[in-house]
Every structure is written in structure tokens, then in C-alpha cells.
2 protein chains.
Amino acid sequence: MPRPRSRLRLADVAERAGVSLTTASRALAGRDGVREEVAERVRRISQELGYVANPHARTLAGGTASTVGLIVHQIDDPYFSEIAGGVIQRAGEQNLIVQICHSGRDPQNELRQVRHLIAQRVGVVIIAGSGYVDPRMEAESKAELSAFQNSGGRLTVIGRHFLGADAVRPDNKAGAETVTGHLLSLGHRRIAVAAGDARLSTVADRLAGVAAALERAGLPAAGLPVVHTDFTRGGGRDAAERILRDHPDTTAIVALNDAMAIGVLSALREHGVPVPHRMSVAGFNDISIAADLAPGLTTVRLPLAEMGRQALCLALMPRASRPRRKSTGHALVVRDSTGPAPSV
Amino acid sequence: MPRPRSRLRLADVAERAGVSLTTASRALAGRDGVREEVAERVRRISQELGYVANPHARTLAGGTASTVGLIVHQIDDPYFSEIAGGVIQRAGEQNLIVQICHSGRDPQNELRQVRHLIAQRVGVVIIAGSGYVDPRMEAESKAELSAFQNSGGRLTVIGRHFLGADAVRPDNKAGAETVTGHLLSLGHRRIAVAAGDARLSTVADRLAGVAAALERAGLPAAGLPVVHTDFTRGGGRDAAERILRDHPDTTAIVALNDAMAIGVLSALREHGVPVPHRMSVAGFNDISIAADLAPGLTTVRLPLAEMGRQALCLALMPRASRPRRKSTGHALVVRDSTGPAPSV
DNA sequence: GTGAAAGCGCTAACAG
DNA sequence: CTGTTAGCGCTTTCAC
């Protein structure tokens with residue numbers, strides 16, 4: 001692509017305003033060291049001319065990189081697109097631009113994206129989505145990201161245990177405890193879990209919440225059937241099949257995210273298992289479609305878009321001496337996919 | 001944000017390779033004017049060192065801006081997130097980065113985003129989503145985008161009539177004709193349409209398809225009840241309410257996109273109207289959740305992710321003397337939300 | 001074929 | 001408070 005037509009430069013504004021480049025630069029950046037009256041004039045002229053700074057020149061000269069890099073598993077997964085929506089909305093208010101990359105939940109690929117973003121000199125990196133329990137899988141990314149932070153880059157993670165970075169932390173354990181408690185209070189005693197890849201920290205955390213609820217109720221968490229498959233709709237289908245086959249007396253399935261819950265519902269429908277009369281199903285996240293499934297999905301609501309906003313807000317604040325943690329809170333949303341345990 | 005630590009520069013690579021900056025630059029850009037043997041050595045050294053060019057310096061110096069700007073209505077709308085997924089995937093293969101902005105379907109805001117993207121010196125702009133029938137609403141954006149193209153920028157639109165830019169064109173009219181034909185063949189004669197804002201070109205095109213199918217069947221398209229509301233789930237709900245109230249003998253509703261169809265289904269469920277026994281419902285787009293609704297949504301499939309890919313592919317080819325058009329094709333996906341017309 | 005030198009548009013020392 | 005002077009890292013004439 002050939003070069004764009006030459007646009008207005010700061011020099012043009014400065015000339016029109018009868019000041020030097022420096023003064024114009026300072027005035028527009030809102031830095032002080034300029035008489036307010038002069039600054040005002042420069043700003044007005046810049047406005048009139050429709051001047052917009054060249055971000056590349058600005059970044060190159062050592063200023064602020066006004067882009068934020070967002071790494072998600074897949075943008076067409078509602079969990080991530082809702083979070084991304086929040087990030088983009090917040091960015092728009094600040095005239096920042098958001099660059100989105102896919103990690104595909106693959107540490108190697110994520111590393112590539114992290115490097116790419118850093119090479120692009122973004123000022124902010126936000127990583128959304130579960131990490132792995134085993135720190136070794138992410139060691140390289142971490143190293144790269146630490147260096148990024150040490151050189152002044154801002155990093156925020158959403159739903160990931162990354163000590164040393166500001167974090168938005170979904171209420172994974174507590175949420176899972178709440179939804180399991182809901183099932184228990186409906187009289188369910190034979191609960192099974194459709195879980196994602198056991199190596200994912202989110203899966204581990206939510207699983208811990210399920211176990212905690214069981215224990216609190218004085219039930220043995222040890223015998224809890226947990227089926228680990230993909231953390232996706234397809235995984236949910238597989239999990240449901242296996243639960244139906246291996247644990248036929250199950251009366252409730254906790255899916256560790258809504259995508260899996262959707263898969264579970266789909267499999268149960270195929271098998272003619274009525275929900276919730278014969279089997280209750282609960283999800284996690286409350287992606288917006290959850291309300292429109294039939295039956296409506298009982299799930300744990302996380303404020304997804306808000307989480308995206310928050311993540312960017314954190315990143316936009318100067319780095320604190322100790323990483324900040326924002327917990328999301330959660331809310332149980334009871335719809336029609338859960339009901340009293342069938343009295344066998 | 002302070003400046004990032006200084007990274008490897010081209011000068012470092014050049015020095016290591018014992019050549020000048022110029023030669024190194026040429027070698028890495030794959031331009032000729034360098035002995036192949038030397039070029040090879042430079043590339044190898046650059047590789048070993050892990051050198052990545054500073055894109056800002058490159059862009060500033062007048063080279064290629066290796067970012068693509070994607071404007072969507074809202075990223076958390078599945079129609080757009082699936083398209084975006086395709087764009088991002090293709091971009092990843094090329095080591096390009098995708099910047100995403102929301103237009104909110106507001107021409108003024110879209111204009112802002114277009115300007116912002118152009119000011120960022122992106123090399124490619126992709127605009128996804130319907131435009132308005134009235135060209136005046138988009139005149140400003142068009143002017144800006146034409147200038148962008150004339151200065152060498154590449155533009156592709158998805159689902160928008162923008163003469164003068166490469167375009168991916170969803171099969172709106174034909175698709176609507178197909179799905180309406182499906183309903184007619186099931187014996188439906190009292191069909192109503194849940195349509196979005198009448199000023200949207202996509203709505204107009206799909207509506208034309210519905211009318212065409214009716215006429216082809218020898219039915220008067222004139223009396224067709226068309227309810228114009230928002231092109232969203234909420235709009236679908238409103239439309240269904242109105243159809244139920246004003247045209248109680250309707251046996252089938254064509255929603256002009258899946259989001260509206262979801263709203264229609266939701267309203268019908270609330271009113272206790274059985275689908276498809278008392279009312280058939282069809283959508284448009286086949287967003288991935290369509291298969292998981294209950295009843296499964298009969299809809300017109302558009303290859304959403306593929307459309308995103310295609311759009312970027314078009315943009316990556318050199319501009320043709322005449323704008324290229326890629327039609328998407330479409331497929332009717334019959335699920336459980338449509339059935340024979342009730343024999344009253 | 002190869003290199004030296006001049007910018008791209010901006011910010012940031014450093015002087016006044 | 002304001003202006004002058006160097007670069008930021010790269011591409012690109014223009015000489016050799």
C-alpha cells in the first residue's frame with residue numbers, strides 16, 4: 001500500500017498559531033509550561049483545522065502508545081466477545097484503539113501474540129481467559145510480560161492467576177459454590193460435573209467451589225463424578241453422553257461454563273431426557289443467550305462487559321506498587337433448567 | 001506510560017551482518033538490489049537475533065501500515081463476532097493486527113471511527129454491517145473513505161452497498177426469497193415479517209426477497225404485514241407482540257435476522273404460542289447459537305467467518321480497476337421452528 | 001550492488 | 001514561559 005496523502009502536521013498548527021513546535025506540542029498534550037491563553041489558542045486552531053496527531057510519529061518519539069492489545073481465546077465465543085465489548089466501549093471513551101488477537105488457548109500461540117503486540121509497542125496488554133494450573137506452560141509468556149511491565153507497559157489479566165499484574169478476578173470458586181448449593185437445596189444428591197480441561201485454572205477453581213458446597217452440606221466430595229472434556233459446547237455434549245452412560249442415576253449436571261451447558265442441553269434433548277424434570281442443568285457465566293435457551297439456563301452471572309471495562313480502567317491507572325485485584329462478584333440466576341430433584 | 005526499553009534495531013542487524021542500513025532494509029523487505037547471498041545472510045542474522053521491525057518507524061518512514069481496521073456494529077453481537085473471527089484468523093496468517101471499533105450503527109459515530117482509523121494510518125479498513133438506504137446518511141463517511149482509497153488505502157465492505165469499494169455481498173434478497181418459499185411450500189399463506197429499521201439497506205433487500213417469493217407464488221405482496229422495529233432481539237420481541245395483536249391469524253413469521261428471531265421466539269413462548277404448531281418462525285444469518293435454540297431455528301445460512309476472511313483477502317489484493325464483488329451464496333437450514341401451516 | 005544522507009512527524013532535553 | 005536542537009527507527013532518493 002502506497003503512502004497516504006500527507007495530512008496536517010503539528011507544524012501547520014504551530015505556524016497558524018504563531019508558536020513553535022514545542023509549544024504547540026505542549027499545548028495539545030495539556031502539559032504545563034504554556035501560558036493558558038496561548039494553549040487555548042493552539043487548541044482552538046488545531047480543532048478548526050481538524051488536526052489529528054500521527055500516532056506513529058508520537059510513539060516513535062517516545063510518547064504514549066495509544067493502543068491496547070487484547071488477547072482472547074476466540075472472539076466469536078460469547079464469553080470473550082462480551083468482555084471485548086466492554087473493553088472497546090471503554091477504549092472509545094478515551095480515543096484508544098483496541099487490537100484483538102486470538103490465543104486459541106494455546107500457550108505457544110499466546111506467546112506469539114504477546115510478542116507481536118509488544119513488538120507493535122502497544123501501551124497496554126489485556127489477557128482474557130483462563131490460564132493453566134501448571135506455571136511451566138506459561139513461563140515464557142510470563143517472562144515476556146514481566147519485561148513488558150518493567151519497561152513501562154501496563155498489563156491486566158482477566159480470569160487468570162498472574163501474580164504481578166493487575167487482575168480482574170471472576171468469582172469462580174464462590175460462584176460454583178453458590179450454584180451447587182442451589183442444586184443441593186433443590187434436593188439433588190447425585191450431581192455430576194461437566195468440566196473442561198483439568199489443566200485450566202478456571203476449571204480447577206470452579207471445581208473447588210463445587211466440592212466446597214458439597215462438603216459444607218456434609219456430602220462426600222470424593223465420589224463426585226467429574227467428566228473432563230473440552231471447555232466448549234462440543235465438550236459439553238461429550239460430557240453429557242458420558243454422564244448418562246456411566247452415572248445413569250445422576251439428577252443434576254453442573255457445567256463449568258455456559259458453552260458446555262449448551263452442549264449438555266443439546267445432548268439431553270437428543271436423548272429425550274426432560275430438563276429439569278428428569279435432569280437439572282446449570283451453567284456458569286451467564287452469556288446473554290443463556291436467557292433465550294429453552295429451558296432458560298440457570299447459571300452464575302458474571303458481569304462480562306463490566307469486567308472488560310474494569311480491566312481497561314485498571315490498565316489506564318498508573319501501575320501500583322502492588323498489583324490490584326478486582327473481584328467481580330457473582331449472582332445466581334435461576335431460570336428453568338433447574339428444578340426439584342425427581343423423587344425416584 | 002513511559003517508553004519501552006529499547007529493543008533491537010535494524011542498525012544492530014546491519015552491523016552484525018556487516019552491511020549498511022539501506023542494504024539491511026532492502027534485504028528484509030525482500031526488495032532487489034541486493035546480492036542474494038548478502039540478503040540471505042542478513043535475513044539469517046535478523047532471525048537469529050529475533051529482530052522485529054518497529055512498525056511505527058516503518059509507517060512513519062512511509063512504508064506499509066500493517067494494521068487493518070475493522071468497524072462493526074457491536075462486537076458482542078454474534079453476527080459481527082463471527083465475521084470478526086474470520087478477519088482475525090486471516091490476519092493472523094499474515095502477521096497483521098486487527099483493530100476493532102464499534103459503529104453502533106450510527107453514521108455519525110461510524111464517521112468518527114473511520115476518521116480515527118485513517119488518522120492511525122491503517123492500511124486496510126473493513127466495514128461490516130448494513131448501511132442506510134439513503135445515501136445522504138453516509139455521505140461524509142463515503143467522502144472520507146474515498147479519499148482514503150485514493151491515497152492508497154484499501155477498503156472492503158461487508159453487506160453494504162458502497163459503490164467504489166470491494167465488497168462481500170450477502171445473498172440478502174435471494175436468501176429471503178428462499179426462506180419465504182420454504183414457508184409457502186409448507187402451506188403458509190398468512191406470513192408476517194419482523195423487520196428492522198426500514199432505512200437499513202439490508203432490511204430493504206431482504207424485504208424485497210420476501211416480496212419476490214410471494215409474487216412468484218402469485219400472492220399479493222401488497223398486504224404483507226411488515227413490522228419495523230429494532231434490528232435486535234428486543235425488536236423481535238416487540239414485533240412479535242404487534243403481530244400477535246394486529247394480525248392474530250398469522251401462521252408464520254419471517255424475522256429478518258436471527259437476533260430478531262430469537263426475540264420473536266421469546267415473545268411467543270411467553271404468550272404460550274407453540275412453535276411451530278401454531279406459528280412457524282424463521283430467521284436469517286445462521287449465527288451459531290441458532291442450532292441450539294429450542295426449537296432449533298430454521299434460518300438462512302451465511303458463511304459468516306468466511307465472509308470475514310474473504311473481506312480481508314480482497315483487501316490484501318491490489319486494488320482492481322473496477323471494484324470486486326464477492327457474493328456469499330446462502331443455504332436454507334431447516335430446523336424445528338418451521339412446520340406445516342396449521343389447518344384452521 | 002551498495003552506502004550516505006535526508007527526512008517521515010513528533011517529543012524531549014536543553015537553552016534562553 | 002518559550003524556542004532550538006536532537007533524535008525515535010525506518011525507508012528512500014541519490015550518489016558511488
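B:Val193 is found in strand 6 of chain B, which spans residues 191–195. The model in which this residue is described is predicted. With a relative accessible area of 0%, B:Val193 is buried, since residues under 20% count as such. Leaving aside residues up to four places away in sequence, B:Val193 touches B:Leu207, B:Val210, B:Leu224, B:Pro225, B:Val226, B:Val227, B:Ile243, B:Val254 and B:Leu256.

The overall arrangement of the chains was considered next. Chain A contains twelve helices and twelve strands. Taken along the principal axes, the box filled by the C-alpha atoms of chain A is roughly 90 × 40 × 40 Å. Chain A is divided into domain 1, comprising residues 1–52, and domain 2, comprising residues 172–302. The C-alpha centres of these two domains of chain A lie 58 Å apart. Of the 344 residues in chain A, 56% are buried. Among the contacts in chain A with a separation of 6 or more, 74% are accounted for by residues 24 or more positions apart.

The relation between the two chains was then examined. Chain A is superposed on chain B by a rotation of 180 degrees with 0.1 Å of shift along its axis, and the RMSD is 0.2 Å. The two copies are thus related as by a two-fold rotation axis. The same surface serves both copies, in that 98% of the contact residues of chain A recur in chain B.

In chain A, the axes of helix 1 (residues 10–17) and helix 2 (residues 21–29) come within 9 Å and cross at roughly 100 degrees. Helix 1 of chain A and helix 2 of chain A are therefore roughly perpendicular to each other, because angles of 65 to 115 degrees are classed in this way. Helix 1 of chain A contributes A:Leu10, A:Ala11 and A:Ala14 to the contact, while helix 2 of chain A contributes A:Leu21, A:Ala24, A:Ser25 and A:Leu28. By class, this contact of helix 1 with helix 2 in chain A has six nonpolar residues, one polar residue and no charged residues.

In chain B, the buried residues of helix 1 (residues 10–17) are B:Leu10, B:Asp12, B:Val13, B:Ala14 and B:Ala17. These buried residues of helix 1 pack against helix 2 (21–29) and helix 3 (36–49) of chain B. The axes of helix 1 and helix 2 of chain B come within 9 Å, with a crossing angle of roughly 100 degrees. Helix 1 of chain B and helix 2 of chain B are therefore roughly perpendicular to each other. At this crossing, B:Leu10, B:Ala11 and B:Ala14 in helix 1 of chain B meet B:Leu21, B:Ala24, B:Ser25 and B:Leu28 in helix 2 of chain B. The residues of this contact of helix 1 with helix 2 in chain B divide into six nonpolar, one polar and no charged. Helix 1 of chain B is followed by B:Gly18, whose phi is positive, near 65 degrees.

Backbone geometry was also inspected. Most residues other than glycine have a negative phi, and most peptide bonds are trans. In chain B, the phi of B:Asn95 is near 60 degrees, a positive value in a residue other than glycine. B:Asn95 is placed in the loop between helix 5 (78–93) and strand 2 (97–102) of chain B. At 43% relative accessibility, B:Asn95 counts as partly exposed. B:Arg121, also a residue other than glycine, has a positive phi near 65 degrees. The loop between helix 6 (107–119) and strand 3 (124–128) of chain B holds B:Arg121. B:Arg121 is buried, with a relative accessible area of 13%.

A:Pro295 is located in the loop between strand 9 (280–282) and strand 10 (299–301) of chain A. In chain B, a cis peptide bond joins B:Ala294 and B:Pro295, and omega is about 0 degrees. The place of B:Pro295 is in the loop that runs between strand 9 (280–282) and strand 10 (299–301) of chain B.

Definitions and conventions:
Residues numbered from 1 in each chain as written. Chains lettered and ligands numbered in written order. Predicted model: local features only at pLDDT ≥ 70, side-chain atom pairs only at ≥ 80, totals over all residues. Heavy atoms only, no water. Domains from an automatic or database assignment. Axes fitted to C-alpha atoms, helices over the stretch in contact; angles between N-to-C directions. Helix = DSSP H or I, 4+ residues; strand = E, 2+ residues; numbered from the N terminus. Parallel < 35°, antiparallel > 145°, perpendicular 65-115°, else oblique. Contact = heavy atoms within 4.5 Å. Nonpolar A, V, L, I, M, F, W, Y, C, P; charged D, E, K, R; others polar. Buried < 20%, exposed > 50% of the residue type's maximum accessible area, 1.4 Å probe, protein only. Least-squares fit on C-alpha atoms with pLDDT ≥ 70 in both.
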